[in-house]
Amino acid sequence: MTTRRDFLKSSLGTSAVVSIGATAPQFLLQAGAAEAKPTDETILVMVQLSGGNDGLNTVAPFKESAYRKARPTLAVSAGDALKIDDSYGFHPAAKGLSNLLESDRLAIIQGVGYANPNRSHFESMDIWHTCQRKTAVRNDGWLGRFLDNTRQGDALDIPAIHLGREKQPLALSSQDIRVPSVTSLDRFRLKESAGQLRKTVTNIGKSASPGGGLLGFVQTSTGSALSASEQIEAASGRYKTGITYPESGLAQKLKTVAQLIDSGLKTRIYYVTLDGFDTHSRQAAAHEALLRELSGALDAFVRDMDEHGHGDRVLTMSFSEFGRRLQENASEGTDHGAAAPAFLAGNRVKSGLIGKHPSLHDLQDGDVKFHTDFRQLYATVLDQWLGVDSAPILGGKFTRVPALRS
Amino acid sequence: MENTMNRHLMTTAFLCGLIASALAQTNAYAQPDLDADKRTAVELLPASCLAVVEMQHPDQLLTTLTEHRVWTEIQQRPEYTAAISNPGYMMFLGIRTHIETQIGMKWREAYDTLLGGGITVAFHPETEGLVALVRSTDAAKLKSTAKTLIELGRADARSKGNEPLPEDEYRDITIYGKNDARFAIAGPWLVMTNKDELGKKVLDTLLDGSRTSIKDNEKFAAARKSVSGEPAIWSWVDLGTVRDAGLANGLDKNQTENPIVELLVGGVLTNLRQTPYVTASLYVSGESTRLQFAAPHENEWVEEFREYWFGPDSQGAADAPLETESTILSISTYRKVSEMWLRAGDLFDERMNDELAKADANLTTFFAGKDFGEDVLGSFGPAMQVLVNRQSFDDVLPKPALKLPSFALAGHLENAAESQTELRRTFQSMVGFLNVIGAMQGNPQLDQDIDIYRDNKIYTASFIPEPDEKDSERARIQFNFSPSLAFANDRFFIASTKQMAKELVDAAQNEQSTRGELSNTAIKLNAKALGEALADNRDQLVAQNMIKKGQTREESANEIGLLLEVLGLFEGVSFDVKTTGGELKLELTIQTKN
Amino acid sequence: MPQDIASIDPDWAWSPFSPSTEQPWNRRLAAHLCRRAGFGATSKELDELLEREPAELARSLVENAKAASMRDPETDALATAMLATGNSRNLAAWWLYRMLNSSWSGDQATQTSPLLEKLTLFWHGHFGTGAEKVDDAEMMFTQNRLLRRHSLGDFGAMTQEISRDPAMLIYLDSTTNRKAHPNENYAREIMELFCLGEGNYTERDIQELARCFTGWEVRRKKFRFNRYQHDTGTKTILGKTGKFTGEEGVEVVLKQKALPRFIARKLIRFFVFDEPAAPEQLVEPLAKLLRQSGLRIAPVIERILASNIFYSAFAVGRKVRSPVELGIGLLRCLNGSSNLDRVAQHLDEIGQAVFYPPNVKGWDGGRTWINTSTLLGRSNLVGELLRHEATRFDGQTLEALAKKNAVSNPGELIEWLDELLLAVPLDDSAKSELLAFAEQTTGDPSRRIARLIQTLSTVPQFHLA
């Protein structure tokens, strides 16, 4: 991603916007005890790739001569590619993706995009986030609408979390719910020798007569807050994992997500981003580093979730706002494109290539054409995974993509 | 027959004489007149010591410090008076007076007498012990003072119910203390150590003499020879042996973690991996305090990927800084930056290299496809400077509310004609780009212009004030800047203000060709200019202090005032790296006003 | 005392409170007043206030606030200095400094009044404007001064002025309003959020009002009336017809019956209780007062702060402490000072960054302040605040402060803090738990006191004001 783009983003403060919309979890009101039942609800982890990931080099059609001809310096050769099948293979740096595929945990949905592709970073990303084009009113994102639609009085505790310093993605903005933007687990921890403090306050809570109204509400909230902090501290303290996460930024963020999931927090959506994919020139080294970061992190995270017994209820989706041109440019890079593959990773995906690879001969303005609307992907996730009706959220019915096992 | 007898007699007499004199000699060693011992500490320390720290004239050092201007200024301050009136200090004074009476000397006299001959501390690897040798100027006074103090100490211990100071005997010398802290007095010497064995070894040398001491250690001797002037404290470390023993693992990886550190001190790392020893000297005088690190240096030690730092034959020299009266900070160095960028693979670990690869891709795009490492950085010569000057806004309107200093990068262009055009184009498109962003954010626009100054072109960009802002004395922060690019001969200057660009062109044209000793890197901070720049923004400093410390305006004003006063006591700080004369020298100098 | 809010007699509710044996005028009640009408008070200040009668005190507080509102902080040297960087976060620290250094006694000509700052905060949330979009500290400062000037004054004048405030218009994307295609944004918000509330206007009214605002522009950060773009035709808004200009359009809105009720309801929620929603008959007397006093705020505030209901069980402990009330309140009650930059950051983390409301609706308040992350954040904030090296209490340590307030053991400490800080008193078992906690703390006395205060701040009662 160019420095120009950095400048063009409006500079917002990096401090958090905190959730101010949640009440105590239902189980606490019922049970009244500090024993938290592990939740069975499904979790979606979004990994956004900002800048426009070069799909053609991520899942490379190494056999096609059109591909090699168009990319004399950048094309992934048959020898280097990590084979998916006879005709397609991963970029050699994407070892983690290859591992996930081998262990039956990666669905590659090809040709994802939308009609009348927009090649501006902001515009296209906003479209992915809100499912609306510029002409419509865009106040909330698709995940924000999901959060709004699923509130039923006893809402979830912090329904979604954005992990990172960057501006919160529009996808998460909603009418009523503020999603916290968090940079570390510290936000969910009591600092400085919390043990005795927790004990005292919990004891006070036990012996207090439950108040009505506001007092009662604060009492139950306090109970669940202390319990959550205890779980997170215990989880991160002894968070042992046989998996070695790479040192990269994305891997560390996903490790934090893993710890939060394991701590029993009832959050259903986690959102992280990886920036830097806008490789207009000298793409080779930069893209290699990025794919290495992405695939290493995803691989470690999915395996880690499986190891801790959450593999069946955590789904990870990775996408980018557009792909890149087939033809490489004069600076050994590629320019903004249109359709590209998106990825779903987890125990319950239908592993492998889904949908055909877009044709390299039937191009639109030099870009491969999409055949799967991104909203179909959203519909799949909303209907089949998160268990809500996707139509009101997406503003229409969209055919699902066969990427998840029922 | 008679001749043979005579010969036997003479041989016997000769032999007897020899034996007698030999006996006499050993007698001399067995009962030396210790009190009149004339040896120096280094003659008494074992040859295998790895590190030695020496303070030859503690009395002179103390005099310099107590007469120092900074100290006298501190003593005049009310804060000092308040600090010494606290009960703790009073109690300390009381104890000190009591001891003075007991030993019959004022503390200063005691200090001068007892330590006047010098203090030397050494580390001995075989015993892993430290030993300190303190030489007094008067052996008798040392003995009596020690006796008094030991008695005082023992009385105090008894009164508190503690164990009194134990003592031991070794070769007629009393050793006090136990385990980790022992000391003994022998003649004019006070020997202190934490390892019994080591202490005894030194005493042996004291009593018997020794063939070899640290004085004969090759590396030590070489280091001593190269001492210049009279340092107040001098120290030496046998780095070669330390490395061989595997104790300097930090030097194993010949990589620094980040590019800034690498740029500044990468070469030092190269040197430390090969150099036999390192010395550190502290010079103290009324006007300046200088800390100097030195180590032998040979050009053969320089790896290929560090050549950018040292220059050819380790003689890379920085330019003289283009300083003016208003210069707050100048950093002048010799670095072939493009080489460093291209050698990143050797210099940094994989993670940093990944980051640099990403940055390279971005920067190459930014510079319109020119390879950042080779073309962009490659067009710069190795001698570069960064300067930070105080801006005076005396006859400038609008005046910004927050007065920031101006800064500039000065360097040389390899192919002046070609690179000039490139640089200019990049500069102008950068300004245009800033304007687009600025317009979106409601910031003032930059107006580009070309000035001719002393036959040189200066490309400038100044912010345009709004009509009602033109005469403001509280203008926006942008009015601290008017980015400019200037060329003079093969030099280029990228400055944050037009004024600074002009000043640099002046300085370059008036540059003296003669300079003092050439440095590889020279960093200088001028306290006066810094003080003035801070005083320009006194209101903001006070406000920040009020907010950050929650104090009242008065308290904050006092604090800031104090800060500026203290700053006013100093001339400045400089840091130099020199690679000439077969040595790598790092010098940090703090100069005070006299 | 009836249990149900619906059956309260409104006349009684808004009549002046007279202390009695059941409800004595004591430190607890005075602390309640200070928490609501400001950010809290020290024990000494409480004792001084106790010398006055509640009703008279309310009047005096309002007068002081009014006097303070005339003292424009334009010349405030601290503000000027903080604005030099152009960063609105610095401005936030400045405002917190003002809140902290406000004086209850009002005899210092240079200091501001806590009630004034509290009301300014209320209006800032009411007319929500965020610095991240406005991106100009000077403009945010100008708006802040505008709000402060009118806090206790004429709501009508304030609304007229804020409708032309560049920061507000920029925030609401209303910097252009053309005859051909009127910009409805501001018209909608002024009716929905600022004056009337939903259900008291129609879409048509919005469109007509938007026509009144045509020609209202912000150019180069200044308000400008572009008469060429103004629609001079006849408009019908809320039943009134005429060739209204923008100002006249606002006047029509201001004359609506719904307005005094809307504002009164909001004031009740801010000053008296978060929930339940005040019933109509309770709002009506205040609405009437507001209307009769020509939309002047001061009399309404005075009535509220002197009233029976304000001092009743319906009000005491019936609001959730907002982050600002928590942070500044803690410092204020303990006569403390600290690094306000850090405090502003912490407050942001728990949901309230002044000058950065989440949207034009301001902060919802009430239960929305509370969730897992903010509760833990509050406890952490108190802990860090007390531990911070720049934090001083009366210029000294906690230990010295405790001594000054005649507190010499943990038991007394708990009693003192309970009275000073809590709206809902601790019961005996809670006190003994805290005592047990205090006893096992280690370290120097100040640290032990700090640990106790942090634990106290995690107890649910602490979050009620």
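Okay, housekeeping. Residues are numbered from 1 along each chain as its sequence is written, and chains are lettered from A and ligands numbered from 1 in the order in which they are written. Because the model is predicted, local features need pLDDT of at least 70 and side-chain atom pairs count only at pLDDT 80 or more, while totals for chains, interfaces and linings use all residues; side-chain values use heavy atoms, with hydrogens and water left out.

Let's start with chain A. Its secondary structure comes to 13 helices and 14 strands; these are DSSP runs, H or I of at least four residues for helices and E of at least two for strands, numbered from the N terminus. Of the 406 residues in chain A, 59% are buried, and by buried I mean under 20% relative accessible area, with exposed being over 50% and partly exposed in between (1.4 Å probe, protein chains only). If you take the contacts in chain A with a separation of 6 or more, 75% of them are between residues 24 or more positions apart. A contact here is heavy atoms within 4.5 Å.

One sheet to look at in chain A: an open one of 3 strands, in the order β2-β4-β3, with antiparallel pairing. At its edges sit β2 (59–60) and β3 (82–83), each pairing on one side only. Strands count as paired if DSSP finds at least two bridges between them, and β3(A) has 2 bridges to β4, residues 89–90. Leu82(A) has Phe90(A) as its bridge partner.

Now, how many residues does each side bring where chain B meets chain A? Chain B gives 16 and chain A gives 19. About 1,600 Å² is buried between them, with carbon and sulfur atoms giving 58%; that is the accessible area (1.4 Å probe) that two parts lose on being put together, summed over both. On the chain B side, Lys358(B), Thr365(B) and Phe433(B) lose the most area to chain A, together 30% of what that side buries. There are also 4 salt bridges across this interface, meaning a side-chain nitrogen of Lys or Arg within 4 Å of a carboxyl oxygen of Asp or Glu. One of them joins Arg282(A) to Asp371(B), with the closest N and O atoms 2.6 Å apart.

Last stop, the cores: sets of buried Ala, Val, Leu, Ile, Met, Phe, Trp, Tyr and Cys residues joined through side-chain atoms within 4.5 Å. The largest nonpolar core has 185 residues, and Phe155(C) and Trp123(C) are among those touching the most other members. Leaving aside neighbours within four places in sequence, Phe155(C) contacts residues including Trp123(C), His126(C), Phe194(C) and Leu254(C). Apart from that core lies another of 49 residues, including Val45(A) and Leu97(A).
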